[in-house]
Amino acid sequence: MRKIIVLSFISLDGVMQAPGGPEEDTSGGFRYGGWVAPYFYDADNAAGSMMEKQMKSSDLLLGRKTFEIFASYWPQHADLWPGINEVAKYVMSNTMNRSDWKNSVFINTVEDIQKLKRTEGSDLQVHGSGHLIQTLLRHDLVDELWLKTFPVALGKGKRLFGEGTLPAAFALTESLVTPNGVIFANYRRDGDVRTGTIGE
């Protein structure tokens, strides 16, 4: 059984849209593309070191838009992400069924993801892919969340958690705060939501 791990950059108000650059995703009139850049680099390279650790060679599960962004960049920059060309890239899409990027596999249903999860192999990392993440959360298919929270509120934009997210508990497994105030926090799925009364 494979784990599905969601890796996401998020703002304090939960926005995950276009962290990497101004033209990455301007849908909905989003004007703050590239909002992680001012906070990402620090003298200790704490964020870079943590990202290098997290971007180990692992199969990917991606939505179509993120896949297209990746496919236009990473094949020519594989030195920055060792193994990216060799790992399997599973793409959730109803409109795309082939790519020149080697080891790309196209799927189109939740059942396909469930079957993939039951196979042997590496963990499946999900980067970007907002719509896909919403689908995974609605069907309780996320095993771990590796979140990078940046000290900025963006007001509007695509958010990590949508209305269809199922209630679920998570346990913190690793954390780091960089000198620039970026909080790396890794969580694993930890059963159902527990409630109680403070002080009792």
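**Close-up views of a predicted model**

Ala18 is buried, with a relative accessible area of 4%, where buried stands for under 20% relative accessible area, exposed for over 50% and partly exposed for what lies in between (1.4 Å probe, protein chains only). The model is predicted, so local features need pLDDT of at least 70 and side-chain atom pairs count only at pLDDT 80 or more, while totals for chains, interfaces and linings use all residues. Residues are numbered from 1 along each chain as its sequence is written, and side-chain values use heavy atoms, with hydrogens and water left out.

View 1. Ala18 sits in the loop between E1 and H1; helices (H or I, at least four residues) and strands (E, at least two) are DSSP runs, numbered from the N terminus. With a relative accessible area of 38%, Asn103 is partly exposed.

**View 2. The largest nonpolar core and Trp81.** A nonpolar core is a set of buried Ala, Val, Leu, Ile, Met, Phe, Trp, Tyr and Cys residues joined through side-chain atoms within 4.5 Å. The largest one has 27 residues, and those with the most contacts inside it are Trp35, Leu60, Phe67, Phe70, Trp74, Trp81 and Phe150. Helix H2 (46–54), strand E2 (59–63) and helix H3 (64–73) are the elements that give two or more residues to this core, and H2 provides the largest share, 3 residues. Trp81 is in contact (heavy atoms within 4.5 Å) with Met55, Lys56, Leu60, Phe70, Trp74 and His127, its neighbours within four places in sequence being left aside. A second, separate core of 23 residues includes Met16, Leu61, Leu124 and Leu136.

**View 3. Leu62 in strand E2 and His127 in strand E5.** Leu62 counts as buried because its relative accessibility is 0%. When neighbours within four places in sequence are left aside, the residues in contact with Leu62 are Phe67, Phe70, Tyr90, Val91, Met92, His127, Ser129 and Leu132. Ser93 is 31 residues from Leu62 in sequence, and the C-alpha atoms of the two are 9.0 Å apart in space. His127 is likewise buried, with a relative accessible area of 10%, and its side chain is joined to that of Gln125 by a polar contact of 2.9 Å. A polar contact is a pair of N or O atoms within 3.5 Å; within protein, one must be able to donate a hydrogen and the other to accept it, and residues adjacent in sequence count only if both atoms are side-chain atoms. Leaving aside neighbours within four places in sequence, His127 is in contact with Leu7, Leu60, Leu61, Leu62, Thr66, Phe70 and Trp81.

**View 4. Asn85 in the loop between H3 and strand E3 (89–92).** Asn85 is buried, with a relative accessible area of 13%. Its side chain makes a polar contact of 2.8 Å with the side chain of Trp101. Not counting residues up to four places away in sequence, Asn85 touches Trp74, Pro75, Ala78, Trp101, Lys102 and Asn103.

**View 5. Helix H2 and Phe184 of strand E8.** The buried residues of H2 are Ala46, Ala47, Gly48, Met50, Met51 and Gln54, and they pack against E1, H1, strand E5 (124–127), strand E6 (144–150), strand E7 (170–177) and strand E8 (183–189). Phe184 counts as buried because its relative accessibility is 1%. With neighbours within four places in sequence left aside, the contacts of Phe184 include Ala47, Met50, Met51 and Gln54, together with Leu147, Glu174 and Leu176. The C-alpha atoms of Phe184 and Pro167 are separated by 22 Å, the two residues being 17 apart along the chain.

**View 6. The lining of the largest pocket.** On a 1 Å grid over the protein atoms alone, a pocket is an open set of points where a 1.4 Å probe fits, with protein on both sides within 12 Å along at least five of seven lines, and lining residues have an atom within 4 Å of a point. The largest pocket holds about 1,600 Å³ of space, and of the 44 residues that line it, the closest to its centre are Phe9, Pro19, Gly20, Glu24 and Phe70. Grid points are joined across faces, edges and corners, and the volume is the space filled by probe spheres set on the points. Strand E1 (4–11), helix H1 (37–40), H2, H3 and helix H5 (130–138) each supply at least two residues of the lining, and H3 gives the most, with 6 residues. The lining divides into 20 nonpolar, 16 polar and 8 charged residues, where Ala, Val, Leu, Ile, Met, Phe, Trp, Tyr, Cys and Pro count as nonpolar, Asp, Glu, Lys and Arg as charged, and the others, Gly among them, as polar.
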